[in-house]
Amino acid sequence: MIKLLKPQSFRGAIQGGRPNVRESLCSYFRNEDAGNDCISSLYRQNLYWEALEAFDFMQKNTSFRIKSSTYAHLICACASLRSLEQGRRVHNHILRSNVQPDIVLHNHILNMYGKCGSLEDARRVFDVMPQRNVVSYTSVIAGYSQNGQEGDAVKLYFEMLQSGLVPDQFTLGSIVKACSGLGDVGLGRQVHGHVLKSELCSHLIAQNALIAMYTKFDQIFDAWNVFSRIPEKDLVSWGSIISGFSQLGYETEALSHFKEMLLQGAYQPNEFIFGSAFSACGNLLQPDYGRQIHGMCIKVGLGRNIFAGCSVCDMYARCGFLDSARTVFYQIERPDLASWNAIIAGLANGGHATEAISYFSQLRHMRIIPDEVTVRSLLCAFTSSLSLSQGMQVHSYIVKMGFKSWTAVCNALLTMYANCSNLHNALTVFEEMGDNVNSVSWNAILTACMQQNQAAEALRLLKLMLVSHSMIDQITMTTVLGACAEVASLEMGNQMHCFTIKSGLLLDVPVMNALIDMYAKCGSLVMSRKLFDSMETPDVVSWSSLIVGYAQFGYDEEALKLFRTMRSSGVNPNQVTFLGVLTACSHVGRVEEGWHFYRTMEREYGIVPTQEHCSCVVDMLARAGRLNEALDFINQMKFYPDIVVWKTLLAACKTHGNVDIGKQAAENILKMDPSNSAAHILLCNIYASSGNWGDVANLRSLMKQKGVRKTPGQSWIEVKSSVHVFLAEDVLHPERDKIYRILEELWLQVLDDGYVPSKNRLCSEPG
């Protein structure tokens, strides 16, 4: 090898900086062979720019001919630099010279254009080549595959097969990557067959590409089959399978293979393998394993590595160890955007909104430009009305920076406003998205409507979604069926049921459960049971929906019978199941059985009773007339009784005429809500039923002074796709005269049948 000047001196000499250095440089170009050797030597030392500058110097200062091998080195230098401009310049010089490129030089030119992303230039060279070999085809196929033109890569691959050439491991590796990019699992399996039929089934390049391809297709067991048949695995093989297991939710297998790789001792994990292991620990919420691997990562010198550090930070944050996440973050030598995103996401998901914003401000101060992942992660921090103002500030930043055009960011905004109980702003963001809405956007706004009890608005939006021909998935369907159940719209629910059959969504268990729940809440228990019986393996949600439906509509024996069947089938109940069971026991007066179920919730199933379960117990005792026991139960509850509990007791006191306990219940309600009309009305009725007319008069007078008025009762019915809403003493309905005439006729029929109205019931509000 020729002894060369230092690169800095060499470049300075070429640029004409110092005559004595320039003169010494000329000695390297004393003849044609020396000049060519100089360029080649620079290339071999990976001094690619210096080789190109020497090429320029040789052209300008000598008349020496460039050899074909030197051209090959120059073209390879351009490929390594990914410099299309320099590559075209050298190629044009070849075309103007007397050199006739052989197949080797042509292949180098093809490879250079492919790596520089100019496939049109590569194809032009390929098409005029007098001879082509496997390397020629592979260079263009690899270029197509690497630059998003996978279809062209596959087409050229089959042309190569038709020409009679046999692909090598590099060809197969490139075409497997092309199949992966196309997402065509069938074609991928076909190419896998080519690999097996060839003599290259043990070559690592093709095998590793197959592992990566099957991982991308979510076919982890196929990937593992390829991996297990590799006799001598390299670091890429191990990294590919560990990453595949980690990405596809097989975290335990990922860590198991990580351990196996360490035990074999052939390879030391790199930052990417460590990253996959940390990701697996984070998903499993196993910080102890993560700490051990973190120690190993530090030991091999990757503790301050950007990729590994980012993965460790994310792992600790997912596991709730935010102090450790912060420590790791500040140990990263030069944290990149992904590292900042990891710590911001960890803080945001951990509920530390203010600190997440602080890190976001530091990121901007470092002049690092946030991406959509940054702002989406930050928006996750705002989950209540208390953090709405902070969320709106981030929204303003998004508009200012032009991120508003990113659909994923807008979807995160929709979710943020929904979590902060601001449906108005969520609808505004949704409308401003225009044609950028996707299925995630529709699902987000539908969910927002349901969270704010706006089922009618959700159904209105569904009609717009159908008109827009957006894809309806299982999330959409379960949300919409929930809206149908909320407004008891059986007709709309029937239409959605038909849609699930046509679209194939009926086979999805969550959708089937939503249908069972919808029919149960709409009172169509026969249809609900029919769907339930058609399921091969109903889960706890299926059982619970039907049990609650039976209990709510008075089929209490059926509910309890179904609960016993559920237990005998081996399905464990959940909180909702026990709500249905306790409601059924309350309705049929099975107090002791209800007590038994309540006591076994936590003891046998680990289900801690909620406020709703306690309300059911109070209702069960009160309905049975055991009002003192109900009051004692309320007083010894683990949490403060809410209005619903006291209303339940107050309603039972009216039924059983217990003035003393009723008065206590009413007083507790009025402490929490002084203007609660229901408490005043029920207490008035209790006084009236017991003949305490003086107390009735006093309470009515107090109600008048406070301006307490009963909220009118409201009901609705759907007839021929039109919803009719009614209020108590309604005078606004367009068919009110006809409705009141029918009601009067029904009232007269009731009186004729012997009904005697109670004289102890009070008017709904003071006169």
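Predicted model: local features only at pLDDT ≥ 70, side-chain atom pairs only at ≥ 80, totals over all residues.
## Helices H29 and H30

Helix axes here are lines fitted to C-alpha atoms over the stretch in contact, and the angle between two of them runs from 0 to 180 degrees, taken between N-to-C directions. H29 covers residues 474-486 and H30 covers residues 490-503; their axes lie 9 Å apart, and the packing angle is about 160 degrees. Angles over 145 degrees count as roughly antiparallel, so that is the label for H29 and H30. As for handedness, H29 passes H30 in a left-handed crossing.

Who's touching whom? On the H29 side you'll find Met-477, Val-480, Leu-481 and Cys-484, and they meet Met-492, Gly-493, Met-496, Phe-499 and Thr-500 of H30. Sorted by class, the residues of this contact come out as 7 nonpolar and 2 polar, with no charged ones.

## Helices H38 and H39

H38 brings Leu-627, Ala-630, Leu-631 and Ile-634 to the contact, while H39 supplies Val-645, Trp-646, Leu-649, Ala-652, Cys-653 and His-656. The tally for the contact of H38 with H39 is 9 nonpolar residues, 1 polar and no charged.

## A cysteine in a loop

Now for Cys-380, which sits in the loop between helix H23 (372-379) and helix H24 (388-401). Its relative accessibility is 40%, so Cys-380 counts as partly exposed. Leaving aside residues up to four places away in sequence, Cys-380 touches Ala-348 and Asn-349.

If you want a sense of span, take Cys-380 and Thr-62: these residues are 318 positions apart along the chain, and their C-alpha atoms are separated by 66 Å.

## Disulfides and buried cysteines

How many disulfides turn up in a search of the whole structure? The count is 0. Cys-484, one of the H29 residues that meet H30, is a handy case to check. The nearest cysteine sulfur to Cys-484 belongs to Cys-522 and is 7.1 Å away, whereas a disulfide needs the two sulfur atoms within 2.5 Å.

Is Cys-484 buried or exposed? With a relative accessible area of 0%, Cys-484 is buried. Cys-38 is also at 0% relative accessibility, so Cys-38 counts as buried too.

Key. Residues numbered from 1 in each chain as written. Heavy atoms only, no water. Helix = DSSP H or I, 4+ residues; strand = E, 2+ residues; numbered from the N terminus. Parallel < 35°, antiparallel > 145°, perpendicular 65-115°, else oblique. Left-handed = near helix turned anticlockwise from the far one by under 90°. Contact = heavy atoms within 4.5 Å. Nonpolar A, V, L, I, M, F, W, Y, C, P; charged D, E, K, R; others polar. Buried < 20%, exposed > 50% of the residue type's maximum accessible area, 1.4 Å probe, protein only.
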